[in-house]
Amino acid sequence: MYCSKCGEKLDENSKFCTKCGTPVTTAETKANNVVESFEKDPQLQDHWIKRVIAYIIDSIIINIATGILLAVALFPAFIANPFGYINVTSFPFASGIAAVIYFVVAETVYGTSIGKTFMMLKVVTVSGEKVTFEKAVIRNISKVYPVLLLLDVVGGVFATSDMRQKYSDQIANTKVV
Ligand SMILES: [Zn+2]
């Protein structure tokens, strides 16, 4: 175990760094801090509720669009079996790729997405500028698979100082406002 501030090696049970006095943050205290922050900060709750609703709106649009695109691309199979033409294993993959493309294009061109527009949210760099293509790719790549996105969100809330940043937002230096 090492001090998060000065890097000094610490004993397993120490509560403070012996060199610089910084309190030792364990996973448990960190988790308590996160819960406490959410309880005490209605704006933080509000922020994440808005983002979840925006994501649900965008996901519905993406899934419908993916279904239509696949129906067109696999037209003979669609005619043969209108409800079974979409393979249950290929659809999540196709819609995951579609989601990454959709969010990267929307955020690079408009700085937002349809769902975020509904919730009056936009994506900017930490200094408040429009996101570039590269930053949009970094912050949206986890949307290829829901479990990755969840880890990105949870990781961000726990690992970054700003609990409004996903982990990938910290890497890309971006935020949703
Ligand atoms: Zn220290």
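Trainee: What should I know about the model itself?

Mentor: This is a predicted model, where local features need pLDDT of at least 70, side-chain atom pairs count only at pLDDT 80 or more, and totals for chains, interfaces and linings use all residues. Residues are numbered from 1 along each chain as its sequence is written, and side-chain values use heavy atoms, with hydrogens and water left out.

Trainee: Back to that pair: are K40 and E36 buried or exposed, or in between?

Mentor: Buried means under 20% relative accessible area, exposed means over 50%, and partly exposed is in between (1.4 Å probe, protein chains only). K40 is exposed because its relative accessible area is 63%. E36 comes in at 38%, so it counts as partly exposed.

Trainee: How many salt bridges does the rule give, and what about R51?

Mentor: The count comes to 8 salt bridges. R51 forms one with D169, with the closest N and O atoms 3.6 Å apart. R51 lies in helix 2 (residues 42-73) and D169 in helix 8 (residues 167-172), so this pair ties together parts that are 118 residues apart in sequence. R51 has 10% relative accessibility, so it is buried, and D169 is buried too, at 0%.

Trainee: Which residue does R139 bridge to?

Mentor: R139 pairs with E107, the closest N and O atoms being 3.0 Å apart. R139 is in helix 6 (residues 133-140) and E107 in helix 4, so the pair ties together parts 32 residues apart in sequence. Both R139 and E107 are buried. Through shared partners, salt bridges join R51, E107, K116, R139 and D169 into one network.

Trainee: What is E107 in contact with?

Mentor: Contact means heavy atoms within 4.5 Å. Leaving aside neighbours within four places in sequence, E107 is in contact with T112, K116, V123, V131, A136, R139, N140 and K143. Its place is in helix 4, residues 90-109, and its relative accessibility is 0%.

Trainee: Now the metal. Which atoms are the protein donors of the zinc ion?

Mentor: Donors are N, O and S atoms within 2.8 Å of the metal (3.2 Å for Na, K and Ca); water is not among the atoms, so sites may look incomplete. For this zinc ion, the protein donors are the SG atoms of C3, C6, C17 and C20, lying 2.3 to 2.4 Å from it. Their spacing in sequence is C-x2-C-x10-C-x2-C. C6 and C20 are 14 residues apart, each in the segment before helix 1 (27-40).

Trainee: Why is the arrangement called tetrahedral?

Mentor: Ideal angles at a metal are 109.5 degrees for four tetrahedral donors. Four donors count as tetrahedral if all angles lie between 85 and 135 degrees. The 4 donor atoms around the zinc ion subtend angles of 108 to 114°, which makes the arrangement tetrahedral.

Trainee: And what surrounds C20?

Mentor: Leaving aside neighbours within four places in sequence, C20 is in contact with C3, K5 and C6. The C-alpha atoms of C20 and C3 are separated by 8.6 Å, while the residues are 17 apart along the chain. C20 is partly exposed at 38%, and C6 is partly exposed at 33%.

Trainee: Last one: where is phi positive in a residue other than glycine?

Mentor: M120 is one of them, with phi near 55°. M120 lies in the loop between helix 5 (114-118) and strand 1 (123-125), and is exposed at 73%. N173 also has a positive phi, about 60°. N173 lies in the loop between helix 8 and strand 2 (174-176), and counts as partly exposed at 41%.

Technical notes. Helices (H or I, at least four residues) and strands (E, at least two) are DSSP runs, numbered from the N terminus. Four donors count as tetrahedral if all angles lie between 85 and 135 degrees; four count as square planar and six as octahedral if opposite donors are over 155 degrees apart and all others between 65 and 115; anything else is irregular. A salt bridge is a side-chain nitrogen of Lys or Arg within 4 Å of a carboxyl oxygen of Asp or Glu.
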